[in-house]
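User: I would like to go through this model one question at a time. Please keep the answers brisk.

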Amino acid sequence: MAANEMSKVPSLLGRRPQKIIENQLFRRQRSLKLSARAATLDQGDDGDDTGNDKTYVVLIFGEKAKLTHCEDVRKIIHQYDIKTTLEVISKEEKYLYLTASTDTLLRLADEAELTKMTTTGSMQKFNYHSVSDFLLPGMTVDDIVRFCEAPVLIKDVVKPQLLPYIRNGIVEELFPLHDIEYLEKFGFDWRRRSLPIEHIRNYFGSSIGLYFAFTEFYTKALIWPALFGICQYLWSINLSAVIGFYVIWSTIFQELWKRRCAGLAYRWGTIEMSSLDKPRTSYKGKEKVDPITGKLTRHYPMRYTYIQMYCISYPVVLLCVVAAAYFALYQFQIEAEVLADFGPDSWLLYIPVIVQSILIAIFSWAYEKLATFLTELENHRTRLQYERHRVNKWMIFEIVNNFFSLFYIAFIIQDLKQLNYQLMMQLLIFQIVCIAQEVGIPLLAVIKQKFAKLMHKELDEDKLSLVSDVSRYEQCFFEAGLDQYQSTYEDYLQMCIQFGYVVLFAAVAPFAALGALINNVFAMHIDLFKLCNIFKRPFARRTKNIGAWQSAFELLSVMAILSNCGLLYLLPNVRAFVVQHFPSMPNLSFVLFEHLLLGLKFVIHKAIHERPRWVRIALMKGDYESSQAYKNIRKFNSTKKVD
């Protein structure tokens, strides 16, 4: 690209932008610029060789970093055959672009023990010395390492060595760059009936891919209770039939999702992940020889983790749960005072419910920070263990925070009309808060884009001479100002709480599923838009299922059986029927009915295997091929010794 052409590229001078609107404006300009550049290359323009290597990861140095620090970091990275390009624009702007050859990525994939599909159709751990075994029809060597895996492979070998520089503020940020051309696959299309799950996984990794697969699966499953709820309202279906329907629906939904998840995890090579996986970067411990692998790994005594969990974490969780229950009960006291002062027809009666719903959102945000802090102190070894314990704390609090007032109305006050009103009001405000969070920021960014033009200036000639690739520099400069995507925790939590509103009191809230369905249709597209446009591209995370969230959904479905059976038993006609036919054991009849439904749920759970048959066969085939390969190696070694 010529200097006079590069001088026309818009840029911001000074520090990196922190406003989303500036990044949104750049996103569109960058897309147009890439299209123009691709057209130029197609016409025979060779371009600059410096920009031909794909930049996987960008490392940004802080203001206190000196050139000697930059060179030290480069030397560390070069030990792993990773190529680097250092650009020092000014004292505040120092960038290190990381790329790697295909051979280096394949070697790192072998060390990371990534699971890949072989030419025989089974999934095996990748072997650098048998690349041909993983070349499926139509594939090249460059296609073996997926789009989402290359940045992670580089980060996993580099980041542990750079931790001292990160803690000292010499290295400020480390993140992968977005691929603007690949993002076009995620554009909204009314004709598309499902999300591009495979493309999402290929770009963002299996963790985010599974989240969108679950969201889509759950949203489609909500069609049935939404239709049933309309029928329930129009024809006043018997509540025992309603409860039976939700027991069957919730159980089949969860069991079918397990099968869907197992199929995805197998194709993505994560189904056999275990607690023996690599420890988290923030895991603390002393270097010791691992008794299984014989390698030096970090070890931390489990007794200290248990002491932290049972002596500090869970007592704090209990205090938070008690506080949440107290505030939920305090709402009823305020509501009673308003009723006594202003009468039952006053609009002021809406205020306590609205305030309670807002407090639920605030407490949820504050407790998420606390749960993260407590789980960090417990120092769990792997990310899967960390996530499970964090979600367990989170769900204990969230169940009380969101549903305690509803249980109080249902079984203490025993006012089903008020229960319906309270539930729908909380669900409505919950959905509004979620939509406001997901839509508000992107909408504000789009509305104010035109004002961001005033902040742009031309790139001066002095800075141009220091930049080897203006397009790469511009993209790095602007994406550094994007927010960091944390994880799918908050998104899963929204789905889980929403599921609770749908099933826990389905007997008196027939339209809860319909409201959830409408919300989710828009929410999953908004989530995808935010990932592509509002946040930095996250490093991909590997996972085999949705983890502790699966247990959370199962817990809510069991609670739904108990709560709905309780609501049924509270109906005057049902209670009179039970007393008339079972005068000696009215309460026992409720227990028998509830156990009958739990038994039905258990039978469905056992009848549907959590892994499809083709997955089980494929896993057994992979084990058989591994054992045969091991036998052949032993046979070859013994023959070689004899010779």
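Analyst: One term comes up later. A crossing is right-handed if the near helix is turned clockwise from the far one by less than a right angle, and left-handed if anticlockwise. Also note that the model is predicted.

User: How do α13 and α20 cross, left-handed or right-handed?

Analyst: Helix α13 covers residues 383-413, and helix α20 covers residues 548-570. The crossing of α13 past α20 is right-handed.

User: Are α13 and α20 roughly parallel or roughly antiparallel?

Analyst: The axes of α13 and α20 lie 11 Å apart, at an angle of about 15°. Angles under 35 degrees count as roughly parallel. Therefore α13 and α20 are roughly parallel.

User: How many residues of the contact of α13 with α20 are nonpolar?

Analyst: From α13, the contact includes Trp394, Phe403 and Phe407. From α20, Leu555, Leu556 and Met559 are among the residues involved. Three residues of the contact are polar and one is charged, while the nonpolar ones number 16.

User: Is aspartate 179 buried or exposed?

Analyst: Aspartate 179 sits in the loop between β7 (171-176) and α6 (180-183). Its relative accessibility is 14%. Buried means under 20%, so aspartate 179 counts as buried.

User: Which side chain forms a polar contact of 3.1 Å with the side chain of aspartate 179?

Analyst: Leaving out residues up to four places away in sequence, aspartate 179 touches Lys54, Phe147 and Tyr203. Its side chain also reaches the backbone nitrogen of glutamate 181, at 3.2 Å. The 3.1 Å polar contact is with the side chain of lysine 54.

How values were computed. Residues are numbered from 1 along each chain as its sequence is written. This is a predicted model: local features need pLDDT of at least 70, side-chain atom pairs count only at pLDDT 80 or more; totals for chains, interfaces and linings use all residues. Side-chain values use heavy atoms; hydrogens and water are left out. Helices (H or I, at least four residues) and strands (E, at least two) are DSSP runs, numbered from the N terminus. Buried means under 20% relative accessible area, exposed over 50%, partly exposed in between (1.4 Å probe, protein chains only). A polar contact is a pair of N or O atoms within 3.5 Å; within protein, one must be able to donate a hydrogen and the other to accept it, and residues adjacent in sequence count only if both atoms are side-chain atoms. Contact means heavy atoms within 4.5 Å. Axes are lines fitted to C-alpha atoms, for helices over the stretch in contact, and angles run from 0 to 180 degrees between N-to-C directions. Angles under 35 degrees count as roughly parallel, over 145 as roughly antiparallel, 65 to 115 as roughly perpendicular and the rest as oblique. Ala, Val, Leu, Ile, Met, Phe, Trp, Tyr, Cys and Pro count as nonpolar, Asp, Glu, Lys and Arg as charged, and the others, Gly among them, as polar.
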